Amino acid sequence: MNARTFIMKEVAAIVTRKEVAELAGVSEATVSRVFNDVGPMKEQTRQRVLQAAKTLNYHPNAIAQSFARRRSGNLGVVLPYVPKVHIFSTYYFSEVLSGIGEQVKASGYDMLLKFRVPGEESDYSGIFRSQKVDACVILGATDTPSERAELKRLEDGGFPFCLINQHMSGERFNEVDADHEGGSYRAVRHLLDLGYRDIAFLSGSPEFSNSGDRLRGYMRAMREAGLLPADAKAAGDLPAHLYYEGNYSRTSGMKAASAMHPHLSRIEAVFASNDRMAIGLMQGLREYGHVPGRDYAIVGYDDSEAARVTDPPLTSVAVPFYEMGRLAAERVLRRVGGGNETDGASESFRLKLDTKLVVRQSCRILR
């Protein structure tokens with residue numbers, strides 16, 4: 001006897017499907033179709049079966065349902081694995097995962113986490129081939145040739161997946177993103193409106209689309225103010241003392257402080273691509289005697305909890321990460337019938353949520 005036969009016999013020994021069928025006045029096959037959501041069904045018949053099941057306190061076995069539906073009941077969530085980095089304690093990942101978890105629970109699914117090492121070749125389709133997940137949400141995807149190729153394999157195979165906080169030019173992958181260009185534009189406009197002109201930019205890694213989005217927002221605001229040439233579009237078009245690059249970690253912000261310190265006499269304000277780098281930069285510049293909110297203004301991005309308790313509290317751009325996670329799970333599960341709605345389930349989606357500037361004390365007004 002193989003494992004499948006054993007499991008199905010064990011399930012058959014404990015279910016009361018026949019009793020439900022007799023009470024509802026239908027066949028056992030009809031009861032199965034109701035609970036496995038298979039095939040067309042009159043609403044009156046479906047309600048009669050559900051009422052009979054409620055009366056008998058009947059609960060279909062999840063293993064049997066999984067076999068019948070050819071589904072695992074799991075939503076896969078792919079996360080980047082970085083040694084010595086506690087990603088579950090970072091604001092971005094904790095918020096996105098909370099949103100995913102909320103929707104997974106509401107949809108009657110479970111969540112299966114899978115870690116990938118950045119820089120190593122991904123095998124996203126492997127978790128589908130092994131029938132471990134019915135759909136997949138991917139965080140931390142990078143825009144590299146190998147990553148694009150693997151995502152294309154997923155797309156060509158018809159596997160339901162969604163990228164969060166990442167878009168790839170020229171592709172039509174399912175995406176839930178935020179308006180990072182608009183958010184960074186508003187942040188820099190705020191500094192310009194306060195009278196600052198020499199505004200440095202601390203960027204994240206260029207392999208993430210949101211880094212490019214934030215750079216574009218920064219440069220658009222600076223061009224409109226007449227502080228950059230009209231044809232300035234790339235990082236290489238910026239004065240060297242105004243452009244710095246990190247990897248979204250606090251440590252990279254502290255390293256940027258060492259590079260920025262010699263030029264701070266020509267820098268009035270800094271826009272950092274996330275709060276962690278902004279906080280690292282503030283800490284690093286303090287070691288050189290430069291006090292944020294007094295010697296220079298600074299704006300972060302994400303509006304994390306840490307932004308509220310820095311000294312001074314950090315002006316930042318709020319991003320709806322929780323809602324991004326929830327929407328990604330909702331939309332991708334809808335494609336496998338795991339959501340409450342079915343309209344448009346087969347259509348690809350690309351959502352972009354609004355951001356909002358939250359003003360605090362890290363930007364002083366010039367006199």
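**Loops, contacts and confidence**

Reader: Where is the place of Asn 165?
Author: Happy to start there. The place is named by its flanking elements, which are DSSP runs numbered from the N terminus (helices are H or I, at least four residues; strands are E, at least two). Asn 165 is in the loop between strand S4 (161–164) and S5.

Reader: Before we go on, what kind of model is this, and which pLDDT do local features need?
Author: Residues are numbered from 1 along each chain as its sequence is written, and side-chain values use heavy atoms, with hydrogens and water left out. This is a predicted model, in which totals for chains, interfaces and linings use all residues and side-chain atom pairs count only at pLDDT 80 or more, while local features need pLDDT of at least 70.

Reader: Is Asn 165 buried or exposed, and what is its phi?
Author: Asn 165 has a relative accessible area of 9%, so it counts as buried (under 20% is buried, over 50% exposed, partly exposed in between, with a 1.4 Å probe and protein chains only). Its backbone has a positive phi in a residue other than glycine, near 65°.

Reader: Which loop holds Tyr 248, and what is its phi?
Author: Tyr 248 is in the loop between strand S7 (243–245) and helix H11 (250–260). At 15% relative accessibility, this residue counts as buried. Tyr 248 is a residue other than glycine with a positive phi, near 75°.

Reader: Which residues does a cis peptide bond join?
Author: The place to look is the loop between strand S9 (297–299) and strand S10 (316–318), where Pro 312 lies. Omega is about 0° for the bond in question, which joins Asp 311 and Pro 312.

Reader: How far apart are the C-alpha atoms of Pro 80 and Thr 142?
Author: Pro 80 belongs to strand S1 (residues 74–80). Its relative accessible area is 9%, so Pro 80 is buried. Thr 142 is 62 residues away along the chain, and the two C-alpha atoms are separated by 10.0 Å.

Reader: Which side chain does Glu 150 make a polar contact with?
Author: Glu 150 lies in helix H8 (residues 145–156) and is buried, at 2% relative accessibility. A polar contact is a pair of N or O atoms within 3.5 Å; within protein, one must be able to donate a hydrogen and the other to accept it, and residues adjacent in sequence count only if both atoms are side-chain atoms. At 2.7 Å, the partner is the side chain of Arg 153.

Reader: What is the N to O distance in the salt bridge of Arg 46 and Glu 43?
Author: Both residues lie in helix H4 (residues 43–56), 3 residues apart, about one turn of the helix. Arg 46 is partly exposed at 30%, and Glu 43 is partly exposed at 43%. Their salt bridge (a side-chain nitrogen of Lys or Arg within 4 Å of a carboxyl oxygen of Asp or Glu) has an N to O distance of 2.9 Å.

Reader: Which residue meets Arg 350 in a salt bridge?
Author: The side chain of Arg 350 meets that of Glu 175 at 3.2 Å, N to O. The pair links distant parts of the chain, 175 residues apart, with Arg 350 in strand S11 (residues 350–353) and its partner in strand S5 (residues 175–178).

Reader: Which helices hold Glu 181 and Arg 216?
Author: Glu 181 forms a salt bridge with Arg 216, with the closest N and O atoms 3.8 Å apart. The pair ties together parts that are 35 residues apart in sequence, because the two residues lie in helix H9 (residues 180–193) and helix H10 (residues 209–224) respectively.

Reader: How many salt bridges does the structure hold?
Author: One network, formed by salt bridges that share partners, joins Asp 143, Arg 148, Lys 152, Glu 155 and Glu 171. For the structure, the number of salt bridges is 17.

Reader: Over which residues does pLDDT stay under 50?
Author: pLDDT is the predictor's confidence in each residue, from 0 to 100, and the protein chain averages 85. Where pLDDT is low, the predicted coordinates should not be read in detail. Stretches under 50 include residues 1–15 and residues 338–344.

Note on methods
Contact = heavy atoms within 4.5 Å.
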